[in-house]
Amino acid sequence: MSVHIKQNRFFKISWKIICCFLLIIICLVTISFIAFERLNVFQKNAQYNERVSVPNFEKLSSLKLNVTLLSSLSRELIEADSLAKLRISYKAIDDLITQIRQELNLMEDQNSAQKLNSLLSVLAPGLTKLYEHQIKHLQLDSQIVRKVSSILEYLENKQLDSSKHSLDVFYAWNDMTYKISRSIFDLIIKKRKFEIIEAQSRLLHYLALLNNLNLENDVETISFIRSAIEGPLGLIFMLDRRSDIQFKLVGVATQNSIISDNMLDNVASLFNDTKVDLSEQASQLVSDATNAQFRLNIMIFVSLLVILLSYSVLKYQLFDRIRLLRKLLSSGQLTSQQLMQFNDANEVGEVADQLRQFLLKIETQQLTITMVSKQLADVIQHSNLRVAVLCNQEIVYHNEYFSEVFSLDKIESIDRLPKAFHFIKYDDVVCHENEGSIVLIESYYDDICHRWFDLIGAPITWEEQESLLLNLVDVTDRQHAEARYARNLSEVEDESFRDSLTGLFNRKKFDTLTKDLSYNKSSNEFAVLVFDIDFFKGYNDVLGHLEGDEALRKVSDVLREITPENGLCLRYGGEEFVVVLFDITLKEACIVAENALHSICEMAIPHPSDQCELLTFSIGIAQSAESHHDFLQCFDLADKRLYLAKSNGRNQFVFTH
């Protein structure tokens with residue numbers, strides 16, 4: 001008995017699969033061992049690079065970047081045209097020098113670090129000296145500008161008295177002052193030495209000619225001009241001093257540039273050497289990886305050969321039998337008799353036997369379903385539901401209650417129903433099969449019986465075919481309830497937009513209108529009129545707030561009366577009102593404003609604090625075209641014109657700047 005059991009297990013497909021998988025696992029273990037051994041070597045090299053080579057390369061990269069940035073900041077120090085920029089650049093240089101010193105202290109190559117530190121020790125004082133000279137240069141430039149401005153302003157404001165001097169002297173004075181002004185401009189804008197000397201000579205020459213005019217009555221003028229130009233602290237002295245500072249700046253800048261370039265060359269040399277070392281290490285890693293890849297390829301080839309042999313062994317006993325079983329299943333006509341040929345004493349035969357048992361159960365269930373379908377048809381036929389059965393876009397069954405909704409005796413195709421029903425498909429319901437029945441058409445209104453219906457669909461099997469059960473449910477009461485709810489909600493929302501005192505729209509409506517016009521901009525014209533009651537605070541102080549509320553109601557009645565049907569009238573806040581008119585020209589908006597002024601005057605509301613003794617208001621008008629159809633800008637423009645109307649005397653409107 002035990003020998004028979006062992007023989008049966010030997011012929012089992014699972015034993016053969018286990019043997020094949022053991023061979024594959026041995027190949028995979030060998031591949032893994034080779035890969036692990038090479039990965040261990042790669043890991044050691046990577047750890048060395050991570051611990052030594054890469055940090056050095058990163059430090060040198062950062063050092064190279066900082067030295068380059070230091071050279072750039074040095075040029076910014078020279079090109080700075082204001083004291084603020086100069087101080088910012090020098091502060092950045094000072095911080096960068098500190099950072100470079102810290103990086104040099106962390107370098108492993110101490111000889112190179114010491115050499116770079118010595119260059120940095122020479123460069124740092126030079127940058128400080130450059131900073132100090134540049135400060136003096138900028139301060140002197142500022143003094144020169146002020147000196148030139150004072151001279152030119154004096155010459156512009158100083159005019160000779162034509163009654164005390166001859167006409168020739170008067171014209172000569174104007175000519176000399178113009179040439180002196182021109183020479184001063186040439187003197188301060190020239191950069192080359194010979195041009196500056198030439199401009200200085202011309203200036204002194206014109207000063208001498210001016211002195212030769214013998215203006216006895218204007219000795220003070222001649223003295224001021226000569227002192228401002230040739231004096232101890234005059235313009236020429238300042239320009240000479242600026243030339244000296246510029247000469248020093250060039251010398252210091254040249255020295256700093258040489259030292260900075262020398263530092264950059266040293267850092268670049270160290271950077272390139274480290275880069276070469278990393279490249280050599282990378283090449284070695286690539287060579288090792290190539291050798292490891294060759295070994296892995298051999299093992300992979302062996303593994304594929306083992307898998308191929310295993311497939312050949314199992315092909316007939318497993319795959320061919322499974323292929324035959326799949327062919328029978330895909331034919332769609334599998335019967336329990338066809339599965340009788342799978343009598344092998346292995347797992348495939350066991351699966352075929354289980355399938356045969358399932359098929360026997362399915363055949364029994366199909367007979368039961370056919371009987372249930374007939375019973376369902378009888379139930380539907382004698383029920384008062386409005387139902388129909390749709391199969392392949394054809395109405396295969398419907399009761400009389402369903403056809404009465406559409407005033408039809410017999411419905412054979414879904415095309416005979418209204419267009420809303422033509423797009424109903426079985427797949428639309430199957431994709432929601434977890435939900436059971438679903439609503440295919442919601443709130444369908446029938447013009448004949450004047451009722452509302454929901455069309456509900458559910459998948460069923462009708463005469464052994466997949467079909468769709470359609471049910472029309474009367475939801476007229478629900479629709480009427482929803483309509484009443486919508487009307488009540490609209491009334492509540494309208495009440496929230498109304499001002500409780502005047503009955504006009506309130507600030508909340510203004511904010512909603514602003515959002516609507518901002519989101520839906522168009523080229524249609526609109527106008528904004530901003531009203532404000534004149535001296536309303538005095539009205540309240542004298543007559544009391546109750547009278548003030550009554551006055552607000554009367555003004556609201558006036559504004560409501562003059563506002564067209566396509567306009568909106570709002571109480572913006574306090575005694576300020578806003579009227580928005582759509583599809584209107586500026587001329588028509590002015591007519592509306594004028595009507596408002598006449599109407600409030602005709603009401604003759606007494607005002608104890610107003611000069612005209614009647615309640616009036618001021619109006620500011622703006623049109624959308626003036627603000628590129630932006631509502632808030634248009635409102636702001638009208639509000640500014642309102643205050644312009646008040647400053648012009650009130651009881652009026654303003655529609656221009």
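User: Are Phe536 and Tyr539 buried or exposed?
Analyst: Both Phe536 and Tyr539 are buried. Buried means under 20% relative accessible area, exposed means over 50%, and partly exposed is in between (1.4 Å probe, protein chains only). This is a predicted model, in which local features need pLDDT of at least 70 and side-chain atom pairs count only at pLDDT 80 or more, while totals for chains, interfaces and linings use all residues. Residues are numbered from 1 along each chain as its sequence is written, and side-chain values use heavy atoms, with hydrogens and water left out.

User: How many aromatic pairs does the structure hold?
Analyst: It holds nine aromatic pairs. Rings of Phe, Tyr and Trp (its six-membered ring) pair if their centres lie within 6.5 Å; planes under 30 degrees apart are stacked, over 60 edge-to-face, the rest tilted.

User: Why is the pair of Phe510 and Tyr572 called edge-to-face?
Analyst: The ring centres of Phe510 and Tyr572 are 5.0 Å apart and the planes stand at 85 degrees, so the pair is edge-to-face.

User: What parts does this pair tie together?
Analyst: Phe510 belongs to helix 13 (residues 507–519) and Tyr572 to strand 7 (residues 567–573), so the pair links parts 62 residues apart in sequence. Helices (H or I, at least four residues) and strands (E, at least two) are DSSP runs, numbered from the N terminus.

User: What makes Phe510 count as buried?
Analyst: Its relative accessibility is 3%, so Phe510 counts as buried.

User: Why is the pair of Phe536 and Tyr539 called stacked?
Analyst: The centres of Phe536 and Tyr539 are 5.9 Å apart and the planes are at 10 degrees, so this pair is stacked. Phe536 and Tyr539 sit three residues apart in helix 14 (residues 536–543), so about one helical turn separates them.

User: Which residues form one aromatic cluster?
Analyst: The cluster is formed by Phe510, Phe526, Tyr572, Phe582, Phe631 and Phe635.

User: How do you know that Lys509 lies over the face of Phe497?
Analyst: A charge sits over a ring if NZ of Lys or CZ of Arg is within 6 Å of the ring centre and within 35 degrees of the ring normal. Lys509 lies over the face of Phe497 at 5.3 Å from the ring centre. Lys509 also lies over the face of Phe505, at 5.1 Å from that ring centre.

User: What makes Glu76 partly exposed?
Analyst: Glu76 has a relative accessible area of 37%, so it is partly exposed. Its place is in helix 2 (residues 13–79). Glu76 and Leu86 are 10 residues apart in sequence and 8.0 Å apart in space, C-alpha to C-alpha.
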